[in-house]
Amino acid sequence: MWLKNRFVQKLGGGWIESFGLRTWSRLQLASLGARKDPEVLKLMRGIQRDKRSLLSAYEQHIVYALAKAQAAREGAFAEVGAYKGASAKLICEVKGDKPLHVFDTFEGLPEASEHDRDVHRVGQYACSLENVRQYLSAYDNVHYHKGLFPDSAADLPVQPYAFAHFDVDLYSGTLACLEYFYPKMVHGGLMLSHDYSLLAGVEQAFTEFFADKPEEVIDLPTTQCLVFKL
Ligand SMILES: C[S@@+](CC[C@H](N)C(=O)[O-])C[C@H]1O[C@@H](n2cnc3c(N)ncnc32)[C@H](O)[C@@H]1O
């Protein structure tokens with residue numbers, strides 16, 4: 001665990017993280033090239049070139065495929081933790097005319113808790129709302145909620161959700177996502193989180209929250225986990 005924390009600290013937020021991720025993603029894209037839809041790969045390569053994503057290519061593909069699978073189901077889409085808008089763009093590509101609610105401080109990470117093992121800095125991953133709005137300007141029905149989640153959802157009418165993507169890195173934010181979205185997910189709705197097997201606080205939030213729920217937290221071979229709402 002100490003080694004994992006040191007590894008995440010070294011990677012976090014700087015050029016090592018983005019260079020490492022881009023190199024890793026190039027290899028993953030090459031391996032996907034032989035078997036996946038060329039149009040999807042073109043989209044993912046474009047996002048790699050934009051240098052906005054903190055997800056590996058496999059992780060991007062999972063976001064894309066799950067969002068696509070939910071597009072015909074009743075309910076809105078949401079993402080908490082957009083950074084520069086890369087994963088939100090993947091969701092936008094397949095959401096059709098569904099609303100997508102994008103939540104972020106747009107000022108980077110908030111304060112961590114003792115569960116987060118000191119691997120992040122306040123303000124890390126800051127990107128302005130205007131920058132993200134511009135990046136996603138081609139897509140309709142995208143709604144931005146600036147501020148600390150869940151406070152930033154206070155004015156949003158309660159509605160059903162078919163797909164929710166969480167990428168907030170920290171224990172409190174992840175727990176807040178689960179508390180807010182779980183009761184609003186439709187049956188068969190999907191909650192996907194980044195960093196479940198990488199960041200202790202994210203895993204802790206899922207473990208605590210689902211301790212008394214019937215759903216299983218599915219640990220994917222990427223850093224992500226998935227919950228299928230019963
Ligand atoms: C790792 S980045 C997200 C990466 C992004 N999904 C991508 O496609 O590259 C984490 C983001 O979560 C946001 N964040 C963390 N905790 C938050 C909270 N409680 N409320 C709103 N935004 C939060 C940060 O501002 C940051 O932009």
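A: Begin with Cys-177, which counts as buried at 0% relative accessibility. Buried means under 20% relative accessible area, with a 1.4 Å probe and protein chains only. This is a predicted model, where local features need pLDDT of at least 70, side-chain atom pairs count only at pLDDT 80 or more, and totals for chains, interfaces and linings use all residues. Residues are numbered from 1 along each chain as its sequence is written, and side-chain values use heavy atoms, with hydrogens and water left out.

Q: How many disulfides does the structure hold?

A: A disulfide is a covalent bond between the sulfur atoms of two cysteines. The cut-off used here is a pair of cysteine sulfur atoms within 2.5 Å. The structure holds zero disulfides. Cys-177 is in none, and its nearest cysteine sulfur, in Cys-225, is 11 Å away.

Q: Which residues come nearest to the ligand?

A: A residue is near a molecule if one of its heavy atoms lies within 4 Å of it. There are 21 residues around the ligand, and Leu-54, Ser-87, Asp-104, Phe-149 and Asp-167 come nearest.

Q: What polar atoms lie by the oxygen and nitrogen atoms of the ligand?

A: A polar contact is a pair of N or O atoms within 3.5 Å. A polar side-chain atom of Ser-87 is 2.8 Å from a ligand oxygen. For Gly-81, a polar backbone atom lies 2.9 Å from a ligand nitrogen. A polar backbone atom of Gly-108 is 3.1 Å from an oxygen atom of the ligand.

Technical notes. A polar contact is a pair of N or O atoms within 3.5 Å; within protein, one must be able to donate a hydrogen and the other to accept it, and residues adjacent in sequence count only if both atoms are side-chain atoms. Buried means under 20% relative accessible area, exposed over 50%, partly exposed in between (1.4 Å probe, protein chains only).
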